[in-house]
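Subject: Structure handover and notes

Dear colleague,

Please find the structure below. My notes on it follow.

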Amino acid sequence: MGKVRGEDVVLSINVGDVLTPIACGRSITFDIQNDLIETSITNNGNYRTYTPGALSWSGNIEGLVFIYKDNSTFNGLGQLYDLITNGTSININYYEVDEDGTTFLNKTGNAFIESINETSSFDNMVTFTANIRGNGQITITYGDV
């Protein structure tokens, strides 16, 4: 297995019925959490014990703001605003390939856009950050391409 570079990671969301890469993303994060339930009892010693609980997952997209004037499938940040204000769930596909192009890691699931932050500065490009909260199970597959 080789190293995975940032340029070899693609996040796609469903726009209508079309799974569309987020072309304006500069960086993408994925986070999966396991709620641990404490099972320690009195006189159990100095260390706590746990059992796994429910899983949850989330993600983050950071990117440059693009405003498209044509009829392309994904119209930039405006369409993300539509998704959050309408409470529309999205299907995501987070796909990674190593530098040799032989090994992949793919995560797919349903999510909601939890927040969008847009940053405008007088001396730089306008950027945005969108936080995604998973809705149900995430499916993770891996292996050779």
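Buried means under 20% relative accessible area, exposed means over 50%, and partly exposed lies in between (1.4 Å probe, protein chains only). Helices (H or I, at least four residues) and strands (E, at least two) are DSSP runs, numbered from the N terminus. This is a predicted model, in which local features need pLDDT of at least 70 and side-chain atom pairs count only at pLDDT 80 or more, while totals for chains, interfaces and linings use all residues. Residues are numbered from 1 along each chain as its sequence is written, and side-chain values use heavy atoms, with hydrogens and water left out.

Helix H1

In H1, the buried residues are Leu-77, Gln-79, Leu-80 and Leu-83. Seen down the axis of H1, they fall within an arc of 160°, so they line one face of the helix; the arc is that of the directions from the helix axis to the C-beta atoms. Thr-85 and Asn-86 are exposed and sit on the face of H1 turned away from its buried side.

Overall make-up

The protein chain contains 1 helix and 8 strands, in the order β-β-β-β-α-β-β-β-β from the N terminus. Of its 145 residues, 30% are buried. A contact is a pair of heavy atoms within 4.5 Å. Among contacts with a separation of 6 or more, 61% join residues 24 or more positions apart. The chain exposes about 9,400 Å², and carbon and sulfur atoms supply 50% of that area; accessible areas come from the Shrake-Rupley method with a 1.4 Å probe, and for residues only the protein chains shown count as cover.

Core

A nonpolar core is a set of buried Ala, Val, Leu, Ile, Met, Phe, Trp, Tyr and Cys residues joined through side-chain atoms within 4.5 Å. The largest one here has 20 residues, and Ile-13, Leu-80, Ile-90 and Phe-128 have the most contacts inside it. At least two residues of this core come from each of S1 (9-15), S4 (50-64), H1 (77-86), S5 (89-97), S6 (103-119) and S7 (127-134). Leaving aside neighbours within four places in sequence, Ile-90 contacts Ile-13, Asn-14, Leu-83, Gly-109, Asn-110, Ala-111, Ile-113 and Ile-132.

Strand pairing

Two strands pair if DSSP finds at least two bridges between them. S3 (residues 25-38) is antiparallel to S4, with 12 bridges. S4 is also paired with S7, in the antiparallel sense over 7 bridges, and S7 pairs with S6, again antiparallel, over 8 bridges. Asn-60 can be followed across these pairings: in S4, it is the bridge partner of Thr-29, and it stands opposite Asn-131 in S7. Asn-131 in turn has Ser-115 opposite. Ser-58 stands opposite Arg-133 in S7.

Thr-51

Thr-51 belongs to strand S4. Why does Thr-51 count as partly exposed? Because its relative accessibility is 33%. Not counting residues up to four places away in sequence, Thr-51 touches Asp-35, Leu-36, Ile-37 and Thr-39. Leu-36 lies 15 residues from Thr-51 along the chain, with 5.7 Å between their C-alpha atoms.

Regards
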